[in-house]
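The following paragraphs lead a new reader through one protein structure. Please keep the sequence and the model in view while reading.

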Amino acid sequence: MSEIKTLPLVMEPPRGRAKPPRHLADLDPAERKSLLEEQGLPGFRAKQIAAHYFGRLVDDPEQMTDLPAAQRADLVGALLPELMTPLRTQSADRGTTRKTLWKLFDGALVESVLMRYSDRTTMCVSSQAGCGMACPFCATGQGGLQRNMSTGEIVEQVIAGARALDRGEVPGGPGRVNNIVFMGMGEPLANYRAVVGAVRRLTDPAPDGYGMSARGITVSTVGLVPRMLQLAEEGIPVTLALSLHAPDDELRNELVPINTRFSVAETVDAAWNYARTTKRRVSIEYAMMRDINDQAWRADLLADVLHGVGADWGWGHVNLIPLNEVPGSQFTRSRDADTDEFVRRLEAKGISTTIRDTRGDEIDAACGQLAASE
Ligand code: SAH
């Protein structure tokens, strides 16, 4: 028995970088069962453990009284290894906005943010430790990419928030996470497999997954065109957000450097393809930067570019983000008058436009501020 149990460890590949511990959330139900069986444990217990993790949001083996006491530690050790530990939590908005800094198994740091509103609770999650996209106005972009996160590490951020809500630790009484945005650290489509895996785990019905609606999940991207095309074919109707930030290649090459690989026209076309294929409206993100991308003529050009894919506009909407100022950065927030004019120009051309609220700004928890510096 004990020999069988140590076998998977012995078979770990000797070379290469250490991987995050394998976790229930990395695996589908059949793989969970086989993992237990490989370790000489009863496979049918996997479903019970999944029900604790995703359904009851229990992580303490002592509370899993339907598992035989003698096997509990082995079962939980096999499927629910510790993936991350909270280093620090900061709150704002009377406790309804909470940012957590997590330390991963190898010391990498990531952040997640929980935002509770009257009608929903949103978790903003990270998909990579750091980011390789190097957008100059984004705090995460300044430090480069450390590594991709695993599916389990992505899911665990949500489940940790769900536990806090369930236990009444967030003002407003017990609740659930019903909105997830991949707008934390990292470029989700550069970690495609793990992100799609996480979306599946979060939308699989309980007890195999968290049972959320895919419509409540938003994947935000700089515009990795081949991955946008691939995501459209996955058959999971998540909302896609495209971080456009400029309607012309000259400026977008500076603000979103991946634009030198995929032009504005190709990127907007891929967004339109996503909308057409999934019947989900795409969100065009545009962070308003003073005297950089907020000129009235750029609003006109943005409207033209969005109309230019040849389809009737209606396949998306524009979401203007008041720039969150990053200390030491030359980029500053647009004047209100310029933002108002920008909105007016877009709407005059029939482009529905909203302005994002900036919760968590004061604890550096708003979009583009996550840097996890310790
Ligand atoms: N890599 C993904 C997710 C990143 S964060 C992406 O780029 O879409 C989510 C959003 O916040 C993106 O639209 C990003 O461009 C934006 N953002 C980054 N820095 C910002 C800042 N300082 N102020 C406002 N929005 C910012």
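How many cavities of 30 Å³ or more does the structure hold? The structure holds two of them. Here a cavity is a set of points, on a 1 Å grid over the protein atoms alone, where a 1.4 Å probe fits but cannot get out. A volume is the space filled by probe spheres set on the points, which are joined across faces, edges and corners. The model is a predicted one, in which local features need pLDDT of at least 70 and side-chain atom pairs count only at pLDDT 80 or more, while totals for chains, interfaces and linings use all residues. Residues are numbered from 1 along each chain as its sequence is written, and side-chain values use heavy atoms, with hydrogens and water left out.

The second largest cavity has a volume of about 40 Å³. Helices are DSSP runs of H or I with at least four residues, strands are runs of E with at least two, and both are numbered from the N terminus.

Attention now turns to the nonpolar core, a set of buried Ala, Val, Leu, Ile, Met, Phe, Trp, Tyr and Cys residues joined through side-chain atoms within 4.5 Å. The largest such core has 118 residues, and Ile180, Phe182, Tyr210, Ile284, Leu306 and Trp315 have the most contacts inside it. Helix α5 (residues 151-166) gives the most to this core, with eight residues. Because domain 1 (24-79) and domain 2 (114-362) both give residues to the core, it lies between them; the domain bounds come from an automatic or database assignment.

Two further residues complete the picture. Cysteine 135, in the loop between β5 (128-130) and β6 (145-148), is buried at a relative accessible area of 9%, where buried means under 20% with a 1.4 Å probe and protein chains only. Leaving aside neighbours within four places in sequence, cysteine 135 is in contact (heavy atoms within 4.5 Å) with residues including Gly141, Val222 and Pro257. Asparagine 273 lies in helix α9 (residues 264-278) and counts as buried because its relative accessibility is 14%.

Technical notes
Buried means under 20% relative accessible area, exposed over 50%, partly exposed in between (1.4 Å probe, protein chains only). On a 1 Å grid over the protein atoms alone, a cavity is a set of points where a 1.4 Å probe fits but cannot get out, and a pocket is an open set with protein on both sides within 12 Å along at least five of seven lines; lining residues have an atom within 4 Å of a point.
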